[in-house]
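Please look through the sequence and the model below before reading on.

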Amino acid sequence: MWKTILRRILIMIPEIIILSIIVFLLAKAMPGDPFTGSINPRAGVAQIHHLMEVNGLYDPWYQQYWNWVVHLFHGNLGESYQYNEPVTRIIGQRAVNTLWLSLFTVVLTYLIALPMGIYAGRHEGKLPDTVIRFYTYVTYCIPFFVILVLGIWIFGYVLGWFPTTGSVSPTANGTFATIGSRFYHMLLPGILGALFGTVNIVQYLRSEVVDAKSSDYVRTARAKGVPINDIYRHHIFRNSLLPIAAFAGYSITGLLNGAIFTESVFSYPGMGLLFVNSISYRDYTVITALVLLFGILNIFGTLLSDIILSIVDPRIRIE
Amino acid sequence: MKQTGENYEEISTEDLKRLSKQAEKEAAPSAGRIIWNEFKADRPALIALVIVVAFILFVVIASLFINTSKMMETNILDYFDAPFKDGFLLGADAGGRSIAQQLIVGSRNSIGIALGLTVISSTFGIAWGLISGYFGGFVDWGMQRVYDFMMMLPMTMMIIVIVTIINNYNAVTLTLIFSCFYWLGTSRLIRSRTLAESKKDYVAASITSGTNPWKIIFREVMPNISSLIIVDTTLSFAENIGVETGLSYLGFGLPAQTPSLGTLIANANDPNNITEYWWTWFPAALEIIILCLAISYIGQVARRAADSSQRKSNK
């Protein structure tokens, strides 16, 4: 098993290097340079050229890439043009919001999906199973952003139950009020994300339960006289829980991709909204940093899931 | 073969015709035939199919009669006309432009892009999966590393960044950019099926008799998994409708002067529009939902047809 994990981590290293090269080249391909914006009567074109030369912007791309990587390891991602602040600080502020919203959504997704998957598997082919399968089918095929728009329209504007912008209300004072307000702002996007993100977990769990129903250990338990509810709660659920837990890593990828839509619709100041705004302002340092960060988070999310799965399920281990 | 052939009696052409007809009757029906039977057995699916096909035809033909540049002209007198006022069937938006006309042209653009994306990305994904699954070994390992790497990329972000770098893009370049990223799911599915398929006897027999591997892949393995291909293509078409509309909604898809279902829904970004002038965005949202549900329902029926134990037409 350690071999598998080691191999998995070794594969990750070239992935991160290629990702960083692609991100760097994309950043180079974006129009504009960091100094043209600061042309003024005192600093002419010649001086800009001098600045470009001093900062190594005329070097060949591999040398520039190397400098960029060295800066990266020093935690220096450059300054945002839009905010005139270090990129790390700006992203740090937004990352907390995205992190909390994602965490809340994941927890909620599991709370909804676990009972559903087990219930559907237990009553395979009967009415509840049909209803749950219909539900997963509907939630799977509708584009998520349409659901978000409809959700904010009905529950945010028409019924007025939930806030429609921001992550915390400006009038909230004191620790408890702030936490409460933050939670209140996460509620609608979190619920929508959870209700419409259950498909994978429900389907996986359902098929696990259906398989387990006819397996030997369940038959043995039933022969011993274990009550049927206990079999589901202790035997089958326990067995399918770990692979399900491993899905959490994969769902990071999905949530981060979804964050762009969720945060745009709800004007929720997280990394997704920051990305969309930075694109509109052509704030390249922020864009580059965000793409790299999301890529690395995806890589680690998948790594986490793969490791958990390889521990749980020996069949998956790499030869 | 020739030497042994002389030992048999010659078969007359009539017998040959009769025999091949008989064989045709007894052979398993083709994938297309099975799926068609399944549709005939499931009334709602047939209705969904008719609706989707009729709607696409209507949108394509109707948009021929709409002058797009005239439609996108601003007319301040019709500012946010309500539905059925001044001859606007679905009202008008902030620029006094007819929502109904934008909806028709927008649907044509969005569906067209989704179709193009499905054709390109599925073709590529199927070829990738077949080659990777059939050859196995080192080829498969390499192709799977590429797949793993692509899966890590923050897809939406990459597409948005590429779209901002390319200055002059249109529907075709947009479709190509999407296609670079959306073949992954198909390739994984086809690969796992090909892995299982290429262990079967008919492939081994073909290899032994010295058939060209490419011929085995595309003329023997591919037809045998054609039902899976049909199902996957239908389902990814339903998904792909969300791809372009989603990015257009964010403002990074089709240019502003080209209507799309996504840009119409983007009218809802204005807090005033979303409640007071709901007709500017709601029809487009409703259309996407109905279209996606109908297409993937068709896909579900096709999937049922592909699995003989689930077929309704057998019962």
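**From one cysteine to the interface**

A:Cys141 lies in helix α5 of chain A, which covers residues 127-141; helices here are DSSP runs of H or I with at least four residues, strands are runs of E with at least two, and both are numbered from the N terminus. This is a predicted model, in which local features need pLDDT of at least 70 and side-chain atom pairs count only at pLDDT 80 or more, while totals for chains, interfaces and linings use all residues. Residues are numbered from 1 along each chain as its sequence is written, chains are lettered from A and ligands numbered from 1 in the order in which they are written, and side-chain values use heavy atoms, with hydrogens and water left out.

Leaving aside neighbours within four places in sequence, A:Cys141 is in contact (heavy atoms within 4.5 Å) with B:Cys292, B:Leu293 and B:Ser296. Over all chains, the structure holds zero disulfides. A:Cys141 has 7% relative accessibility and so counts as buried, whereas B:Cys180, at 45%, counts as partly exposed; buried means under 20% relative accessible area, exposed over 50%, and partly exposed in between, with a 1.4 Å probe and protein chains only.

Turning to the interface, 39 residues of chain B are in contact with 40 residues of chain A. The two chains bury about 3600 Å² between them, 82% of it on carbon and sulfur atoms, where buried area is the accessible area (1.4 Å probe) that two parts lose on being put together, summed over both. On the chain B side, B:Phe149, B:Met152 and B:Met157 lose the most area to chain A, together 20% of what that side buries. Across this interface the rule finds zero salt bridges, a salt bridge being a side-chain nitrogen of Lys or Arg within 4 Å of a carboxyl oxygen of Asp or Glu.

As for confidence, the model scores ipTM 0.83 and pTM 0.82. Chain B averages a pLDDT (the predictor's confidence in each residue, from 0 to 100) of 82, and 84% of its residues score at least 70. Within chain B, confidence is lowest in helix α1 (residues 2-5), at a mean of 49, and highest in helix α6 (residues 99-135), at 90. Where pLDDT is low, the predicted coordinates should not be read in detail.

Terms used
Disulfide = S-S within 2.5 Å.
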